[in-house]
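Below are some notes on the model, for comparison with your own reading. Please go through the points in order.

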Amino acid sequence: MRAPRPAASAPAPAPAPARALSRRGVLTAVGALGLGGLLTACGSDGDSASDGGGATNSPTGGGTWRFKDDRGTTAEADRTPKRLVAFVGAAAALHDLGIECAGVFGPTKLKNGKPDPRAGGIDVDKVTILGNTYPQFDVERYAGLRPDLLIAQMTDPPALWYVPEESAEKVESLAPSVGILTTKSSLTHVIGRFADLAKSLGADLTADPVTSAEERFKSASVTLRRAAGAAGAKGRGGLKVMVVSASADILYVAAPDAFTDLRYYESLGVEFVTPSKTGAGGFWHELSWENADMYEADLILVDNREGNLQPADLKKTKPTWARLPAVRADRTFPWAVEERYSHAGYAPRIEQLAAALGQSAPVSS
């Protein structure tokens, strides 16, 4: 999200979070931290509008389609959009709801050619990839898809995540666009906004895969609440969880209130380390490695995006990291900061966090 926005994957693997305020600056800094056929499967349930976003459409594709996005902008078309192009995380969320995109941009394939985790269940060999890293975005190829709608997440409205600043005007002139805000909000609200959009595009939100994923999400949330309660009852005041992203020069400590998923986990009782201060955007406290022990934690969640340093490497190369009590106790776990915003995407993450809390014990002083 902005600072972290869709952090991950910018030009070259760099740190995780972003510091600059411009779209290019945010993506570059954050960045590293990491024709076919468009099949629109059905998906629909719940109200087509939620908190300012609404749409009307005809099941047969006729009539007028409208959707009010999180910029307050209403995208319009004389029929339900079919040729969809989206930031890969948004496309993955829509896929979980039965809506397929013809083209995607953003981290879709890893260096080894395998799907990036952010692609979720998308068949990455069957979509047109307009750019895998920021600021790649093939405008000519995008135009060639004859897009009906462009969809992207936002962390710093009105900028659309991963749409390069220098080509944004041209890109947005080729088709209507929808931006969904994914930071400093409720996780369930953001998931609901993607559901609203999917329904407007023809999704059947009563389909078994959709309802099953929602039930798993709810069940996982109950499990996490119980695990957080048990963790809070453990010795020395319960368990403190610190969330970080690591680069060669800086350890970024996340402010839980800035991240939609962490906000949700906190509402279920998880106790996070809250930085004493943060940089631009309010996402991170940037620490030099000499000061990596500023905060005490019993469990550490580490940004797992490609381009960021991971626990095994950190333990070998950063002495201050190796000395942290949670690291010495082997209590570090992955944090999927750019998980797709769907029940199917987040249910496993919530289950994993609940398990991590269950495995941990107080280790900080």
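This is a predicted model: local features need pLDDT of at least 70, side-chain atom pairs count only at pLDDT 80 or more; totals for chains, interfaces and linings use all residues.

1. Residues are numbered from 1 along each chain as its sequence is written, and side-chain values use heavy atoms, without hydrogens and water.

2. Asp261 belongs to helix H7 (residues 260-267); helices here are DSSP runs of H or I with at least four residues, and strands are runs of E with at least two, numbered from the N terminus.

3. Is Asp261 buried or exposed? Asp261 is buried (under 20% relative accessible area, 1.4 Å probe, protein chains only). Asp261 has no salt bridge (a side-chain nitrogen of Lys or Arg within 4 Å of a carboxyl oxygen of Asp or Glu). The nearest side chain of opposite charge is Arg349, 8.2 Å away (Lys and Arg count as positive, Asp and Glu as negative; His and the chain ends are not counted).

4. Beyond neighbours within four places in sequence, Asp261 is in contact with Leu187, Trp335, Ala336 and Tyr346 (heavy atoms within 4.5 Å).

5. Elsewhere, 5 strands form an open sheet in the order E6-E5-E4-E7-E8, with parallel pairing (at least two DSSP bridges between two strands). Its edge strands, E6 (128-129) and E8 (177-181), each pair on one side only.

Definitions and conventions: Buried means under 20% relative accessible area, exposed over 50%, partly exposed in between (1.4 Å probe, protein chains only).
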